[in-house]
Structures are given as structure tokens and as C-alpha cells.
Amino acid sequence: MLKLDDITDSILSYHPNADIDIILNAYVFTAKAHRNQSRKSGEAYLSHPLEVAYNVTKLKMDEVSVAVGLLHDTLEDTMTTKEEIVDAFGDEVYQLVEGLTKISQIEFASREEKQAENFRKMILAMSKDIRVILIKLADRVHNIKTLDSMNEASQKRIARETIEIFSPLAHRLGIGWVKSELENGAFKYLHPKDYQFIDERFTDKQEERQKFVEDVCEIVSSELASADIKGRIMGRPKNNYSIYSKMQGQNLDFDEIYDLIGIRILTESIRDCYAVLGMIHSLWKPIPGKFKDYIAMPKPNMYQSLHTTVVGPDVKRVEVQIRTEEMHRVSEAGIAAHWQYKEGDGRKLKQIDEQLVWVRHFLEENEGIKNPKEFLSEFKVNLYPYEVYIFTPKGEVVALPQGATAVDFAFQVHTDVGYHCLGAKVNGRIVPLRYKLKNGDHVEVFTSPQKEPTRDWLKFVKTSRARGKILNFLNGKEKTRNLEVGKSRLNLELKRFSLNIDKIGNLKELDSAIQSCGFNSLDPLIIAVGLGKLNPRHFTEKLIPRERLDKKKAEEKQASAKNNDTKVVKSGIWVKGFDGVGTLLIRMGKCCSPVPGDEILGYITRGRGVSVHTVDCPSVSALKGENDRILEVGWNEVSEVPSIVHVQIVTMDKPGMLATISSVLATLEINITRASVNQGPNSRAYFDLSIEVSSLEQLNKTLGDVKKVEGVIYVERIKEHQKKASKKSLENIDPDKSKTDQKLSSAL
């Protein structure tokens, strides 16, 4: 147990002229008041006020505050009266003790209106004398460390209060060490399994990590000496709760968090801070996006420091904080760092009005609120000026970073709510999904089983949780789509050998064929085919035995020769005035991709034979004045030569569309030579396909059958010169919707 000397020595170390007598008198008074009392752990009750008083000295507060730390439970837990405290210590001490007593009596989950008044008094006391809440934080630091002797329900209640109220309050006031101890203490009881997991992982490599930090500190110390910069270097232990929060917020495993190691460098001046920053970046490569200048732009709680993360020795990430000794004092003590001690007039509070103005504004703006739950929720909203607190329809509070949107909120509520988020109401008004939420907004999310995330969401979501979930979904969906396209293309190729994907599993050549194509298993190979990175014929040539391949090629060559016997010209085109047209070089214009049945004409190119185009092709229009180069051409009556046609399809963005369309094309024996699928606005999917057809009649039938597929909105043959204009017009296509859908769309 702490001794009184520990407390007096501590206060004299930073306040040499402190009035120790008031502390000694408070100790004697408290010892008598709590005599014969024990804590639930079995310890003498006096151990608690001694610990609280010592924590008050760690905040470097005045002797009156230390005395109140000793006396804080006397009104509540003993027979001590107001008159006894006033007679012994004066009205100032009594007011502080009473304020702490009222805070202790508040039941933060209570629905009784009288508790709203008590809570309001706590905030009011805080606005008048910040010492009340600082001593209460010192009290909570010890309480959170001694919960083992309490029942589980009490442990969770106190831990939840600590995480929701007192830890954010310590952060708001800039008291770093208090915030860290409160978070870690509460974490242990709110999430015991997660706490144990992270604690064990830390312990496993503690020695290795400590040795690494010592090596880094030694390197930095040597560099500081060489640069003639005075500074202190220390390892910076990571907060278990902050690691847990990072794992949850960014959807990471413990092993995916690389910045577990940190050092802090304390210098004598701001100029030295920036000099050290340059030195660190010259020693080790900085990680882009990980530099923060809180010296030039301090946080609202007065925190100042330079933050950077570098790739240190052994290619390990190291977080580095650089600040002056004064900045460090403020970062640890926060608002308490502004106490001044002067000989003759005791302590004097420095200018802290700006720190407390938010409390006063809160009281003024919420004067009429009587419901304690609402009052407490409003207070939570004001704890973090750089975060926003949003209310669910049930009145629960969800914390989000500034700039967060309705989609961020939806994913914070539940992953499935995020996946199927269709729209949102904020404060009773329908808003777009990209709407940036504000403090205190009441949000209701609409969902639909048919709605799924789109890549557009990634442009405006703010939280790592939402971004990670959306990317996981999209990557999984694109993998499924590419599998479907790849299977369709492979099946068309395998059909030449009376095979399909389901039948090749038993072929002994399968594994070697997959490896020969550069893959370890079949699915990645199919995906590559779907993406157009692998020609399916390349795979079949590895899969099918050589003798069977040679036989098939001979059969196809014989069939081709038979076609030649029927006088079908290879190009499928006749040119007026050329009887031996088979020897004439003829090529189809890529700009319009003519299909047998289209009205066509040809013109003589320079050195490349005859180029064939549709009559409405812009390339033909450009030949005005060159009629001598234009030739009359036409289609042979019988032609087996396939033509490549580009087709654009717009569908509802829902699972299975690609598979259904591919199935229709396969039934019609239409080969897909290229496929591109993208998601667009309004829950639409855009298909850009290149297919092989032998005639305009076959093309029209294909387009007609695809149009009949449920969920298909639009199908069109697109020529190369039409692509840009077509893409823009497609984005405006929107089928009929239900009235609710229309109403939401007008706002989204």
C-alpha cells in the first residue's frame, strides 16, 4: 500500500512551496472516517484514497486537489457531515468533495429524470472548477484496476461507463496516460477473450520487441549526438485497446498490424523537432500518408507533436513521435499541465477558457433536456469535436469520423445492413447515400435484398470498415463473374472434343495442362480465361492428347476443303469485276465490323487490298471526291466465315445475370471472343461483348433472345465509332421502378 510520504514527495517534486499541512490533515481525517472499513478485495479502505491522491499528484495538481483526493469518499461512504468538512478544511474543499460525491451517485443507465439533474450538476461543476472532473478521473484510474473482486455485471457496467464517458473525457482534456489506462482497464472486462489474445501475443515477443526498440533508440541517439541536437529518446508502448480498435475498425488480424513498435523523441525546441524529423527520414524510408504535423496544426485538446512512420531496421515499421519537453508535458497531463505555482499565492490556473468553452455551450444548448438518456447522449456527442456521433432509430449512439456518410453508418450498424443499403433518412428526410453525417443526426437506413455495393461507394465512404467490406464483396463478385465467363468460353472450346468442364475432372492430363498454362489449380485458370488473359484453345492443346488433336485438326481441314469445293470464297465477299477474287486481299473494316446481310461497299486502300465497310460507316463518308476508289461488293450466298460483332448489354446488377446470358449464347452456339463486365450507377451492370456470328439474321436472333432474359434492360450492336456516344447514353437508361424506388432515386 502507498504511504503518505509517497504522496508528499510527489507533490513537492513539482510544487516545492505546496502547503503540505492540508494534505497531512486530510490524511488523518480520512483515516479516522474510514477506520474499520475494507474494500471488497479485503484491503483496508484507506488504500483507495491514498492511490487516488497519488494519481492526482501525477496530474501535477495543487495541494487542495490532493487533499480532496484523500477526502473524496468521506461524504458518501462514512458518517462525515458537510459541517465537519467545512470546519476542518473550508468551503472550497467541501464544494469539490460534494461535486465528486454527486458524480459517484449518477447511474449512467438510469431513466429517472432526477438523474438528469445530477448529471447536469456534474457538467456544471466541471465548467466552474475543472478540478472536480480531474480528481474523478484519478479516482476512476484506480477503480478500473481493482474490479476483480466485483461481480461480472458490475465489472461490465463500470467498464462500459469508463469507455463511453471517462476515457473520451480524458482524451478531450488531453490527458494521454489517463485515457490509456482507462481504456486498457475497461477493455479487460468488456472483451476478456480479445484482451487475453492481444496480451498474450504481446508477451510472446516482448523481449524481441524490447531489444529492437533499444537498437533503434541507440541509432537515433548516435545521430542526435552527431547533429549536436539535445534530446531524450524512449520506447513508446502500444495501448492494447488501441490495437483492438484498429483491428476492428480496419478489419485486420493481429499479424496484419505492422506498426506495433514506436519511439518518442523529446527535444528542446520546435526547430529541433523538424530537424530530427529530417534526420529520421534520411535514416529510414518514410511510409507515404503516415506523416502528421500536429505542431503546426494542434489537436483541439492542445496536443502537439510530429508523427511519422518509417521502415526501420530489419524492414520493420516504426512509429516515431517528435515533440518538445513542454509538448510532452501537455500531452501527458493535458489541461492539468496549465496549472502554475507561484510563491505567495498558491496555485493559479493559466488560461484554459478555450478548453472549457464547449462545456458551457453544451449546458446552454441543452438546458431544457430532462430525459437523462438523451442528456447523456448529447454529452457524448460533444466529447469529440473531430468525430461525429450518430443516433440509430432506437436512440443508440454510433461514433464515426468526420465526413462519414450514410453508407459508413450502415456498415457500422451491421455488415448485412451495409451490403443491402438502398437509401437513408436523416432527421426524417431522405438523403443520398453519399450524404455527410453531422453530429447528432438521427439516421434510418432502408435496405433491399436486391441491392448490393457498387464501386461508386468507394469514392465517398470514409471508414476503413466500410471500404474493406465493400472491396471484399466486389472482389468476390467479380471473381464469380469471371468464373462464369471463363466456364462459358472454355465449354465452347471443349465442345469441339465432346467435352465440358464437368467432364475433364477425371482426365489424367488435367493437372499437367493446368501447370503448363502457369496455374496451380483450375479455378484461377478459368478466371484468366474469363478476363481474356488466356486463350481457351491454348489450354485444350495442353489438355487433349496429341493424336486426338491431330485427328481433329485433320477433320476441320477436310471440312474447310469441302467448303472450298462449293466455290465459297474464304473472305465470304465477292467484288464486281474480279473473277479470281480468292487471290485478292480483302479485309473487313474494324470500325464497323460488317456482318453477312449488312449493306456494304468496298474501297481500294493503298497497299492493303480492298477494305469492306457498311454503307453508313463514317470511314466511307470521308471518301467524298474519291469515287474511283469505291468498288461494288457483296456477300456470297453461302458462307461459313464468322464475323466479330461488338454488343453492349445493360442489366439489373444482380447475381447470375452473366451466367444466364452466357447460357443463352452457348445454346445458340455463339462464341464469345472477349467479355468485359462493369458495375455502374443505379444498380446496373454493363456488359461489353465481342461475339462471332455468321449472318445478320443470326445476330438479330441472338440479340432478340438476350432481350428476353429477365433483368436485361437494353441490348444493342455497337460499331467501333459508336462506342463513346453509346456509353454515355447507356448511363441514363433506367427501367420502371416501384413508387418507393422512384422516390428514393430522386434523392440519391
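Predicted model: local features only at pLDDT ≥ 70, side-chain atom pairs only at ≥ 80, totals over all residues.

Modeller: Residues are numbered from 1 along each chain as its sequence is written, and side-chain values use heavy atoms, with hydrogens and water left out.

Biologist: Why is Thr405 called buried?

Modeller: Buried means under 20% relative accessible area (exposed is over 50%, partly exposed in between; 1.4 Å probe, protein chains only). Thr405 has 1% relative accessibility, so Thr405 counts as buried. Of the protein's 748 residues, 48% count as buried.

Biologist: Which residues is Thr405 in contact with, neighbours within four places in sequence aside?

Modeller: They are Leu433, Arg434, Tyr435, Leu437, Phe460 and Val461; contact means heavy atoms within 4.5 Å. Thr405 itself lies in the loop between β10 (397-401) and α19 (406-413). Helices (H or I, at least four residues) and strands (E, at least two) are DSSP runs, numbered from the N terminus.

Biologist: What makes α2 roughly parallel to α4?

Modeller: The axes of α2 (residues 20-33) and α4 (residues 63-71) cross at roughly 5 degrees and come within 9 Å. Axes are lines fitted to C-alpha atoms, for helices over the stretch in contact, with angles from 0 to 180 degrees between N-to-C directions. Angles under 35 degrees count as roughly parallel (over 145 roughly antiparallel, 65 to 115 roughly perpendicular, the rest oblique). Therefore α2 is roughly parallel to α4.
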